[in-house]
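Please read these points with the sequence and the 3D view open side by side.

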Amino acid sequence: GTASATCPEEANPCQGTSLNASVFSKQEKQCFDAQSFVDIQVKGGTAPYHYSWTVQESGSSEVQTYPSDQEDLLDPQPGSYSLTVEDAKGCSTSVQ
C-alpha cells in the first residue's frame with residue numbers, strides 16, 4: 001500500500017522527518033488450521049507510535065475504529081482494514 005504523512009499546523013515538527021507505514025507481509029487463511037496475519041512495517045518518525053485500526057468486516061456496512069498497541073493483525077476476519085499510525089510528534093500516516 002501507499003502512505004502519506006500529515007502533520008500538525010504549528011511549526012511543523014515533522015518537517016525533515018519521514019514517517020512511513022507499509023504492509024510488510026500478509027497471509028490469508030487457506031485451511032481450517034492455517035492462521036492469517038497482516039504484518040505492518042513502520043519506519044521513521046519519532047517513537048513511541050500510536051495505532052488506530054479502522055475495520056469493515058465483509059457483509060457489514062458498519063465501520064469501526066479502535067486504538068491498538070500493536071501495528072500487526074493476527075487472524076483478522078475477512079473485510080477491509082486500514083491503519084493510521086501517529087508518532088510522538090503528532091505526525092501521522094495511513095496504510096490499507
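**Notes on the model**

1. The backbone nitrogen of Thr-46 is 3.0 Å from a polar atom in the side chain of Asp-87.

2. The model is predicted: local features need pLDDT of at least 70, side-chain atom pairs count only at pLDDT 80 or more, and totals for chains, interfaces and linings use all residues. Residues are numbered from 1 along each chain as its sequence is written, and side-chain values use heavy atoms, with hydrogens and water left out.

3. Asp-87 lies in the loop between E7 and E8. Strands such as these (E, at least two residues) and helices (H or I, at least four residues) are DSSP runs, numbered from the N terminus. Which residues does Asp-87 touch, not counting those up to four places away in sequence? They are Leu-19, Gly-45, Thr-46, Pro-48 and Tyr-49, where contact means heavy atoms within 4.5 Å.

4. Asp-87 is buried but has no salt bridge. Buried means under 20% relative accessible area, exposed over 50%, and partly exposed in between (1.4 Å probe, protein chains only). A salt bridge needs a side-chain nitrogen of Lys or Arg within 4 Å of a carboxyl oxygen of Asp or Glu. The nearest side chain of opposite charge to Asp-87 is Lys-89, 6.7 Å away; for charge, Lys and Arg count as positive and Asp and Glu as negative, while His and the chain ends are not counted.

5. Lys-89 is in the loop between E7 and strand E8 (92-95). Lys-89 counts as partly exposed because its relative accessibility is 38%.

6. The chain has zero helices and eight strands. E4 and E7 run antiparallel and are joined by eight bridges; two strands pair if DSSP finds at least two bridges between them. Within this pair, Trp-53 has Leu-83 in E7 as its bridge partner.

7. E4 also pairs with strand E5 (residues 64-68), in the antiparallel sense over five bridges. Val-55 stands opposite Gln-64 in E5, and Thr-54 stands opposite Thr-65. The two strands form a hairpin with six residues between them, and Gly-59 in the turn has a positive phi of about 80 degrees.

8. Ser-82 belongs to strand E7 and counts as buried because its relative accessibility is 16%. Leaving aside residues up to four places away in sequence, Ser-82 touches Ser-52, Trp-53, Thr-54, Val-95 and Gln-96.

9. The largest nonpolar core has 15 residues, and those with the most contacts inside it include Trp-53 and Leu-83. Such a core is a set of buried Ala, Val, Leu, Ile, Met, Phe, Trp, Tyr and Cys residues joined through side-chain atoms within 4.5 Å. Strands E2 (19-27), E3 (37-44), E4 (50-57) and E7 (79-86) each give it two or more residues.

Notes:
Polar contact = N/O pair within 3.5 Å; in protein donor to acceptor, adjacent residues only side chain to side chain.
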